[in-house]
Every structure is written in structure tokens, then in C-alpha cells.
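Hi,

Here is the structure I said I would pass on.

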Amino acid sequence: MAKSVHQLHREALVVDTHCDTPLRIDEEHADLGVRSNEGHNDFVRMKEGGVDLSFYAIFTRTRLTPNESTVQAVRLIGETKDMVENHSDKVAMAYSVRDVRQIKKGGRGAIMLGMENGSPIQNDLALLHEFYRMGVRYITLCHSAHNQLCDSCAPKEPKWGGLSPFGKRVVEEMNRLGIVVDVSHLSDASFYDCLKYSKAPIVATHSCCRALCKHPRNMTDKMIKELAKKGGVIQINFYPAFLSDAYGVDAYFDAADEYDAAMKAYWKSGKKGKREIANLKKMTSYLKKNFPSPSYKLLVDHIEHVIKLVGVDYVGLGSDYDGIEMPPTGLEDISKFEIITKELRLRGYSDEDIKKILGENFLRVLSKVEEVALT
Ligand SMILES: [Zn+2]
């Protein structure tokens, strides 16, 4: 007899490669050991959603100076590890694929660290080495501005035209250490440089398909084909603005004008905490009212697009929870992950294929990166 959707989902090793939950620890003092209705991710809801591995993004804003970004990254790592230690009945830190499988066997959730924006590395490989020792296992080389490593997809004018000379050294050193190169947020030219210079497969930890939504954060069919050829994987982002043009780009950001003004005032004031949170809440309710969230089925359309293009081995999930204002309907937070398994079953995918999409594809890449580091 066929397994139930629930059985299949629990049996699978389910991976979410991107969330900004460390920011909620840092700025909102969230206790992730307690089930909350705030934000999208905590250790209780992770378990409910059957998510076995969640990557916590050590994210630094592009406006920080290099020293500020290094300090901020170390602080976020410390806060995340403290939180995991305080709730060791529910979760444990993982540093390898082997750790992840063992932690799942023991009935707990695994937390791994990814760094979003390579600014904290500054121009110093010793800092990269230390971040590896602290547990960082992927690095999204930049965020929404060019940095010392590469060009971002956000600004109109390029700075380096791809990876910088130091960025190339960093990619080489990441291969040697066993850190995954993440191309989300990168310019197309930076992506192709990573493809060229990385010895190991590369990933997009939270990006969608540009053929379905033309946002520059998304990947073209050609990029997805090249990524797959190298054995990499694209982890589909849950953000409506990356899933459909109807929710994205201009329409969305026009609506966010009011929020932008508030944020600018906030940055100017230099104060941290309550005011920013209040502004975020204001924006969330504004967007909810004006842009009803699309269905989770859109997300599965992006998964299917990748499968039709390159096969089932090169796609997975990178929610961007706690980094997005508004998730799709049906996937309001991490506790709802099983609905993806249900939809993939409905669309006729085999259990084996579903397990690949839910996590095994990404773990294959991580294993390969670990292997390259040993050679
Ligand atoms: Zn991001």
C-alpha cells in the first residue's frame, strides 16, 4: 500500500536552505523554543512542519562598515548557537551531512549556518577560515549591493563585472575548506564567474525561475541548465515577488513606498529595535490588505519548471522565512511544509523524486562540497 503523504513527509529528510530567523533573535529577542505566532520559524513550528534541517542566515546589511559587519556576523552566530544550546531537547547544531542524518535519527531538528553577504570576511582569508570553524557552511557572496567579492544583481551599473580578484580567491578557498558557494543575490556575470571558478557544484539557496517571474533575483533557463550541468541545485524561494510578476517588482515596491520612507527615517535616526519592528508590522498589514498572498501552488509551478528544464535532481526549497514580509497562502510559516509534499504527490511525482526535492538534492551537493574539500 502506498505511504500516506504524512508518512512520506516524515520519512524524507526535509531541508530549508534559507531563513532570516537569527535577525528575530537579535532584534526582537524571540525565544525559538516557544511556539509563536510571530514570524515564520521557531523550533516548535519546525518540528510540526517536519523540517529536519534549517539553515540560519548570518545576514549583515550592506550599509554596515566592514568591521561592523564582522562584529554583527559573530554576534548572530553566537546568538543562534546560544538559542540552539538552550533548546537542546529540540534542536542541535550540524556541521556536516553526517551530523544532519544523525540528528534526524535522534528525533531532533538540525540547524546549520549560512552567511548572507560576504562583507564580514573583509579582505582577509583568516576571517574566512575562522567563520568556517564557527560553522558557516555556505556563503551567499553578496546581498543587494556590490561588495569586495562580487557584483550584486540589484544595482544597475556593474563594479567588477563578476567576481573581484579577491572574490576568486575566496571561491577557491571555500572549495578547499568545504563551504558551499551560494549565488542568490548575485549578478548574472557573478553567477557565471562562480560557475567557472568553483571546483565544486554551486547553489542558489533562495531564488526562483526568471522564465516565470522576470525579477533579476531569479535565474534564467540558461543559468539553471549550467547550474545543473555542474551538479548544483536551485532552492526555490517562497517570496511572492519572486514567484509571480503580479506580486513583484514595480507593483510591490510602489506599495512599499510608505514603508521605505519610514525605514529611511529609521536609518537616519540610528536607533535600533522597537521602531523598526513597528514599521515592519505596519508594512506587513499594508501589504496583506493591498496584495492578497498567492497560492503555494505557484511555488510548485517553479519546482516543476526546473524539473521540465533539467530533471528532478536540481531543485529544492529555500523559504526565506523571516526575511520576507508575506509568504504564500498555504505556507504561512514553517509548520505548513507538508503541503508541498501533498501537492507534489497530486502532480504525480514518485516518492523517490519527492524526497530528492525535499532535501536529498541539496544534501548531495553538500556531500560533494565536503568531498572536494578533502581532495
Ligand atoms: Zn536573501
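Let's start with helix α14, residues 297–310, in what is a predicted model. Which residues of α14 are buried? They are L298, L299, V300, H302, I303, H305 and V306. As for what they pack against, the list has helices α9 (221–229), α10 (240–243), α15 (338–346) and α16 (351–374), plus strands β8 (233–236) and β9 (315–317). Just after α14 you'll find G311, which takes a positive phi of about 100°.

Stepping back to the whole chain, there are 16 helices and nine strands. Of its 375 residues, 48% count as buried. If you take the contacts between residues at least 6 apart in sequence, 73% of them join residues at least 24 apart.

Two helix pairs are worth a look while you have the model open.

One is α2 (residues 21–28) with α4 (residues 66–86): their axes come within 9 Å and cross at roughly 95°. That angle is why the two, α2 and α4, are described as roughly perpendicular to each other. On the α2 side the contact is made by P22, I25 and D26, and on the α4 side by R75, L76, E79, T80 and M83. Sorted by class, the residues of this contact of α2 with α4 are four nonpolar, one polar and three charged.

The other is α6 (residues 125–134) with α7 (residues 165–177), which pack at an angle of about 35° with their axes 11 Å apart. The crossing of α6 past α7 is right-handed. Here α6 brings L125, L128, H129 and Y132 to the contact, while α7 brings V170, E173 and L177. The classes in this contact of α6 with α7 are five nonpolar, one polar and one charged.

Finally, a couple of backbone details in the loops. Q122, in the loop between β4 (109–116) and α6, has a phi near 50°, a positive value in a residue other than glycine. D320, in the loop between β9 and α15, also isn't a glycine and has a positive phi, near 70°. Are these residues buried or partly exposed? Q122 has 18 other C-beta atoms within 10 Å, so Q122 is partly exposed. D320 has 24 C-beta neighbours inside 10 Å and therefore counts as buried.

Cheers

Technical notes. Residues are numbered from 1 along each chain as its sequence is written. This is a predicted model: local features need pLDDT of at least 70, side-chain atom pairs count only at pLDDT 80 or more; totals for chains, interfaces and linings use all residues. Axes are lines fitted to C-alpha atoms, for helices over the stretch in contact, and angles run from 0 to 180 degrees between N-to-C directions. Helices (H or I, at least four residues) and strands (E, at least two) are DSSP runs, numbered from the N terminus. Angles under 35 degrees count as roughly parallel, over 145 as roughly antiparallel, 65 to 115 as roughly perpendicular and the rest as oblique. Two residues are in contact if their C-beta atoms, placed from the backbone, lie within 7 Å. Ala, Val, Leu, Ile, Met, Phe, Trp, Tyr, Cys and Pro count as nonpolar, Asp, Glu, Lys and Arg as charged, and the others, Gly among them, as polar. The expected span of a helix is 1.5 Å times one less than its number of residues. A residue is buried if 20 or more other C-beta atoms lie within 10 Å of its own, exposed if 12 or fewer, and partly exposed in between; C-beta atoms are placed from the backbone. A crossing is left-handed if the near helix is turned anticlockwise from the far one by less than a right angle, and right-handed if clockwise.
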